[in-house]
Amino acid sequence: DFEPMTSEDGSTSQVHVFGEIVSAHGFDSRYASEMYVEYVFDPNNGTGWRHVSPPSPTEHPGGVDETILFGQNANVFATGPPDYNTVISRVTQTTATSRDPINPLDKFAHFCFPFEIHIEGNLQHSLPHIYFIVNSFDSWERHRVVGYGYVQVPSTPGVHTFEIRTWRPRGSIFSQMRSYFIGGSPELQDFAYASVPKEFSTMADTSSDGQATTKPIIKYPFDSVSSGTVQVRLNVMVRGQPQQVSRGGGSAPSAPDLKYGGRRVSNAAVLSALMRAKQRLETAKQMKKET
């Protein structure tokens, strides 16, 4: 049985994401002998979204804590009540790369790493982003960040497959030489800079007519390099839909339509078809009795 929604106005929806980091390819073959991907989810990046249940630290089979808490949430489990806005991070297993038989210069890393996100909020507001940080690891145990990317949590249910094109900071000549010989690489201090920085989301211009307008994002002269591609598959379930406002000013709850055969069918049409089928069944039973 499903628990009732706790929202009084019916505007709260729950989005349940069963995701999978499938593979990565197209990264610099000099650094791509082994790879692993870190994903970071920050519910605060959206508008009014939060975890349905507070995440708790989980132990990696190797004994390493997978959950990384940032900033003011760093000691939430030790000193305070559960935090529904905790930033969580997970790391995939390290996977050896293999050459593409069609393009020998390209290397693939297959992860098939599952993850799960369960949040609640208003679907009329923007949903949070999932950030992906691709790292390389070579035989000399040198680690490098080789790509940053992100995807926004879809608001529509179903299976969504994304080919996320990543990039990385170029850095100076000195940092490039250091990365080549001893490892390491230029990294972002704020992973949200891969999409829309947090401080930018709170900034807006006011036009002459008094309407708030979005400011253009200008990252010049930030120097970056295009990197490889990460394939991510998201299976999304949405529970609860926002209420629709009627012409009279009141709000009327609307049930979500169903999808059948690639087209959207209303609940009224489904119920009508069900009643017609039951009538045909009763008619067939009556005719059988008469014969």
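## Close-up views of a predicted model

The accessible surface of the protein comes to about 18,300 Å², and 54% of that surface belongs to carbon and sulfur atoms. The structure shown is a predicted model, and the protein in it has four helices and 17 strands. Of its 291 residues, 36% count as buried. Among the contacts between residues at least 6 apart in sequence, 70% join residues that are at least 24 apart.

**View 1. The largest nonpolar core of the protein contains 33 residues.** The members of this core that touch the most other members are Val15, Ile21, Met35, Phe111, Phe115, Ile130 and Phe132. At least two residues of the core are supplied by each of the strands β1 (13-25), β2 (34-41), β7 (107-121), β8 (129-137), β9 (143-152) and β13 (224-239). Strand β7 gives the largest share, with six residues. Apart from this core lies another one, of eleven residues, and among them are Val40, Ile133, Tyr148 and Leu188. As a general background to such views, nonpolar side chains tend to be buried together in soluble globular proteins.

**View 2. Methionine 35 is shown with the residues it contacts, leaving aside its neighbours within four places in sequence.** Its partners include Ala24 and Phe27, as well as Gln93, Thr94, Thr95 and Thr97. Methionine 35 is also in contact with Ala109 and Phe111, and with Val134, Asn135, Ser136 and Val146.

**View 3. Isoleucine 164 lies in strand β10, which covers residues 158-169.** Isoleucine 164 counts as buried because its relative accessibility is 6%, and the cut-off for buried is under 20%. When its neighbours within four places in sequence are left aside, isoleucine 164 is in contact with Phe132, with Gly149, Tyr150 and Val151, and with Gly228, Thr229, Val230 and Val232. Isoleucine 164 and phenylalanine 132 are 32 residues apart along the chain, and their C-alpha atoms are separated by 8.9 Å.

**View 4. Tyrosine 39 and phenylalanine 115 form a tilted aromatic pair.** A pair of aromatic rings is described by the distance of the centres and the angle of the planes. For tyrosine 39 and phenylalanine 115, the distance is 4.6 Å centre to centre and the angle between the planes is 35°. Tyrosine 39 lies in strand β2 and phenylalanine 115 in strand β7, so the pair ties together parts that are 76 residues apart in sequence. Tyrosine 39 is buried, with a relative accessible area of 3%, and phenylalanine 115 is buried as well, with a relative accessible area of 6%.

**View 5. The rings of tyrosine 131 and tyrosine 150 form a tilted pair.** Their centres are 6.5 Å apart and their planes stand at 40°, so the pair is described as tilted. Tyrosine 131 belongs to strand β8 and tyrosine 150 to strand β9, and the pair links distant parts of the chain, 19 residues apart. Which of these residues is buried, and which is partly exposed? Tyrosine 131 counts as buried, at 1% relative accessibility, whereas tyrosine 150, at 35%, counts as partly exposed.

**View 6. Glutamate 20 and arginine 233 form a salt bridge.** The closest N and O atoms of glutamate 20 and arginine 233 are 2.9 Å apart. Glutamate 20 lies in strand β1 and arginine 233 in strand β13, so the pair ties together parts that are 213 residues apart in sequence. Glutamate 20 is partly exposed, with a relative accessible area of 21%, and arginine 233 is partly exposed at 26%. A search of the whole structure finds five salt bridges.

**View 7. Asp138, Arg142 and Arg144 are linked in a network of salt bridges.** Within this group, arginine 142 forms a salt bridge with aspartate 138, the closest N and O atoms being 2.7 Å apart. Both arginine 142 and aspartate 138 are buried.

**View 8. Aspartate 223 and arginine 170 meet through their side chains in a salt bridge.** The distance from N to O is 3.0 Å. Aspartate 223 lies in the loop between β12 (212-213) and β13, and arginine 170 in the loop between β10 and α2, so the pair ties together parts that are 53 residues apart in sequence. Aspartate 223 is partly exposed, with a relative accessible area of 39%, and arginine 170 is partly exposed at 35%.

**View 9. Serine 175 lies in helix α2, which covers residues 173-182.** The side chain of serine 175 reaches the backbone oxygen of serine 172 at 2.8 Å. Serine 175 is buried, with a relative accessible area of 11%. Leaving aside its neighbours within four places in sequence, serine 175 is in contact with Arg170 and Pro186.

Terms used. Residues are numbered from 1 along each chain as its sequence is written. This is a predicted model: local features need pLDDT of at least 70, side-chain atom pairs count only at pLDDT 80 or more; totals for chains, interfaces and linings use all residues. Side-chain values use heavy atoms; hydrogens and water are left out. Buried means under 20% relative accessible area, exposed over 50%, partly exposed in between (1.4 Å probe, protein chains only). Contact means heavy atoms within 4.5 Å. A nonpolar core is a set of buried Ala, Val, Leu, Ile, Met, Phe, Trp, Tyr and Cys residues joined through side-chain atoms within 4.5 Å. Rings of Phe, Tyr and Trp (its six-membered ring) pair if their centres lie within 6.5 Å; planes under 30 degrees apart count as stacked, over 60 as edge-to-face and the rest as tilted. A polar contact is a pair of N or O atoms within 3.5 Å; within protein, one must be able to donate a hydrogen and the other to accept it, and residues adjacent in sequence count only if both atoms are side-chain atoms. Accessible areas come from the Shrake-Rupley method with a 1.4 Å probe; for residues, only the protein chains shown count as cover. A salt bridge is a side-chain nitrogen of Lys or Arg within 4 Å of a carboxyl oxygen of Asp or Glu.
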